[in-house]
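Take a look at the structure below. Then follow the text from one site to the next.

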Amino acid sequence: MSEHASALIQAARAAGRTSLDEASGKRLLAHYGIEVPRSVVVQPGADLRTALHDVQPPYVVKVMSPDILHKSDVGGVRVRLGDAAEVEGAIREMSRRPEIARARLDGFLVEELAPAGQELVIGGMRDPQFGPLVMLGLGGILIEVLQDVSFRICPIERIDALEMLDELKGKPLLEGVRGRAAVSKEAVVDALMKIGGPDGLLTALGEEIAEADINPLIVSAERAVAVDARFILRQKVSV
Ligand code: ADP
Ligand code: MG
């Protein structure tokens with residue numbers, strides 16, 4: 001494991017955490033070559049004009065809290081904010097929401113809006129016998145209701161990643177049906193390899209990670225951007 005990746009995980013463990021916060025999760029993904037939005041973590045009341053210097057609008061604001069699993073469910077995600085003043089207003093409004101006001105707060109993640117595209121999910125979990133598994137699914141209702149997903153044992157090869165895509169019943173959604181633009185399958189295969197391939201994140205960190213969830217990975221005609229990231233750490237069994 002490289003220095004940087006292990007430092008992110010050790011810092012979370014040292015802070016008594018059982019999962020990585022979204023900003024750390026995205027740094028981990030970026031370390032393995034997955035594209036994530038440029039972002040900054042701010043505290044309420046911060047000087048946003050300075051903080052947002054390197055982050056370009058339109059902005060997305062998200063609450064960061066170990067107590068909040070599904071940010072949208074508590075009004076903790078706002079997209080398409082035009083400037084620092086709108087970001088400030090969104091943070092103020094979120095901070096007043098009861099579920100957010102009573103949660104432990106890590107801050108607010110302000111990030112760039114990813115290009116529009118098809119939402120996919122890449123997941124990771126452990127099989128007690130085979131170790132890390134990588135999962136691919138189509139986002140939203142397709143994964144929740146239809147459980148349209150495909151699994152492989154890590155490490156995977158490109159041919160496996162292509163087969164995973166092929167197995168999805170929702171595959172036509174990636175190929176441009178009913179006037180939708182086709183999305184880059186190559187970008188999906190590339191992202192799958194960076195997670196589950198021989199040098200991928202799950203293959204390298206399988207001993208540390210109990211569960212990974214990139215939900216969604218937004219895939220457009222050229223790119224795949226991980227806009228949400230959650231990593232649950234494995235409990236160390238002491239002997
Ligand atoms: P949740 O904790 O509710 O899953 P997400 O971070 O996944 O929160 O955000 C909810 C939704 O907002 C995503 O499914 C996606 O549609 C949209 N979204 C979030 N971040 C971005 C972004 N940076 N660019 C574009 N859309 C985004
Ligand atoms: Mg999400």
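**A walk through the model**

E22 lies in helix 2. This is a predicted model, in which local features need pLDDT of at least 70, side-chain atom pairs count only at pLDDT 80 or more, and totals for chains, interfaces and linings use all residues. Residues are numbered from 1 along each chain as its sequence is written, chains are lettered from A and ligands numbered from 1 in the order in which they are written, and side-chain values use heavy atoms, with hydrogens and water left out. Helices (DSSP runs of H or I, at least four residues) and strands (runs of E, at least two) are numbered from the N terminus.

Is E22 buried or exposed? E22 counts as buried because its relative accessibility is 7%. Buried means under 20% relative accessible area, exposed means over 50%, and partly exposed is in between, with a 1.4 Å probe and protein chains only. The side chain of E22 also makes a polar contact with the side chain of K71, at 3.1 Å. A polar contact is a pair of N or O atoms within 3.5 Å; within protein, one must be able to donate a hydrogen and the other to accept it, and residues adjacent in sequence count only if both atoms are side-chain atoms.

Now take the whole helix. D21 caps the N-terminal end: one of its side-chain oxygens lies 3.1 Å from the backbone nitrogen of A23. Just after helix 2, G33 takes a positive phi of about 90°.

Next comes the empty space. Rolling a probe the size of a water molecule over the atoms shows where such space is left. The search runs on a 1 Å grid over the protein atoms alone: a cavity is a set of points where a 1.4 Å probe fits but cannot get out, a pocket is an open set with protein on both sides within 12 Å along at least five of seven lines, and lining residues have an atom within 4 Å of a point. Grid points are joined across faces, edges and corners, and a volume is the space filled by probe spheres set on the points.

The largest pocket has a volume of about 1,100 Å³. It is lined by 43 residues, and E22, L69, K71, N215 and D228 are the closest to its centre. Its lining divides into 18 nonpolar, 9 polar and 16 charged residues. Here Ala, Val, Leu, Ile, Met, Phe, Trp, Tyr, Cys and Pro count as nonpolar, Asp, Glu, Lys and Arg as charged, and the others, Gly among them, as polar.

Which residues coordinate the magnesium ion, ligand 2? N215 (O) and D228 (OD) do, at 2.2 Å. N215 lies in strand 9 and D228 in the loop between strand 10 (224–226) and strand 11 (230–233), so the pair ties together parts that are 13 residues apart in sequence. Donors are N, O and S atoms within 2.8 Å of the metal (3.2 Å for Na, K and Ca); water is not among the atoms, so sites may look incomplete. N215 counts as partly exposed because its relative accessibility is 31%. The peptide bond from N215 to P216 is cis, with omega near 10°.

Ligand 1 meets N215 and D228 too. A backbone N or O atom of N215 lies 3.3 Å from an oxygen atom of ligand 1. A polar side-chain atom of D228 lies 3.0 Å from an oxygen atom of this ligand. E111 places a polar side-chain atom 2.8 Å from a nitrogen atom of ligand 1.

Strand 6, strand 9 and strand 11 each give two or more residues to its lining. The search also finds 1 cavity of 30 Å³ or more. G124, M125, R126, P132, L202, G206, I209 and A210 line the largest cavity. Strand 6 (118–127) supplies the largest share of that lining, 3 residues.

Finish with the backbone. A cis peptide bond joins P57 and P58, with omega about -5°. R80 has a phi near 60°, a positive value in a residue other than glycine. R80 lies in strand 4 and is exposed, because its relative accessible area is 59%.
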